[in-house]
Amino acid sequence: MDPLQVVPDYEVNLPESEVTDLELADETEAVILTLVVVPDDKRYVRTNLRAPVIYNQRRNVAKQVVLYESDYPVKYYLRPDVREAERGRSETDDAGSDAKN
């Protein structure tokens, strides 16, 4: 899917090695897509913003790139209510792990 449909300010800063691997003349040639997971319970449809697929249409070359330096989530739920519930659960889990340390 086009990640800009769900995160209008989504940005990918490709390392030079990835630009070379994808044979991109520049980053504007890149088509950026993200994988979508559609589980049985459709409320939990999500996309992976941390590892987009970068496609060079001109050269017909594509690659999934992990954005190690990014804060984008691996599981970005498309439904806002699910996203909020998962964020709340994550914060609760984090607080519990702090108490254990």
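Analyst: Happy to. A helix here is a DSSP run of H or I covering at least four residues, and helices are numbered from the N terminus. Please keep in mind that this is a predicted model.

Let's start inside a helix. E84 and R87 are both part of helix α2, which spans residues 80–100, and they are three residues apart, about one turn of the helix. Their side chains meet in a salt bridge, with 2.6 Å from N to O.

The protein has two helices and six strands, and from the N terminus the elements run α-β-β-β-β-β-β-α. Strands β1, β4 and β5 form an open antiparallel sheet, in the order β1-β4-β5. Its edge strands are β1 (30–33) and β5 (61–64), each pairing on one side only. Within that sheet, β4 (residues 53–56) pairs with β5 over four bridges in the antiparallel sense, and N56 of this pairing stands opposite V61.

In one of them, E23 pairs with R59, and the closest N and O atoms are 2.6 Å apart. E23 sits in the loop between α1 (16–21) and β1, while R59 sits in the loop between β4 and β5, so this pair ties together parts 36 residues apart in sequence. Both partners are partly exposed: E23 has a relative accessible area of 34%, and R59 is at 45%.

E29 and R58 form another salt bridge, with their closest N and O atoms 2.8 Å apart. This pair also links distant parts of the chain, since E29 lies in the loop between α1 and β1 and R58 in the loop between β4 and β5, 29 residues apart. Here the two partners fall into separate classes: E29, at 22% relative accessibility, counts as partly exposed, whereas R58, at 51%, counts as exposed because the cut-off for that class is over 50%. Besides these pairs, E18, D21 and K63 are linked in a network of salt bridges.

Side chains of opposite charge can pair when their charged atoms come close. A salt bridge calls for a side-chain nitrogen of Lys or Arg within 4 Å of a carboxyl oxygen of Asp or Glu.

R46 is found in strand β3 (residues 46–47). That strand belongs to another open sheet, β2-β3-β6, which is also paired in the antiparallel sense and has β2 and β6 (76–77) as its edge strands. β2 and β3 pair over two bridges, and V36 has T47 in β3 as its bridge partner. Leaving aside residues up to four places away in sequence, R46 touches L35, V36, V37, P39, K75, Y76, Y77 and L78.

Methods: Residues are numbered from 1 along each chain as its sequence is written. This is a predicted model: local features need pLDDT of at least 70, side-chain atom pairs count only at pLDDT 80 or more; totals for chains, interfaces and linings use all residues. Side-chain values use heavy atoms; hydrogens and water are left out. Two strands pair if DSSP finds at least two bridges between them. Contact means heavy atoms within 4.5 Å. Buried means under 20% relative accessible area, exposed over 50%, partly exposed in between (1.4 Å probe, protein chains only).
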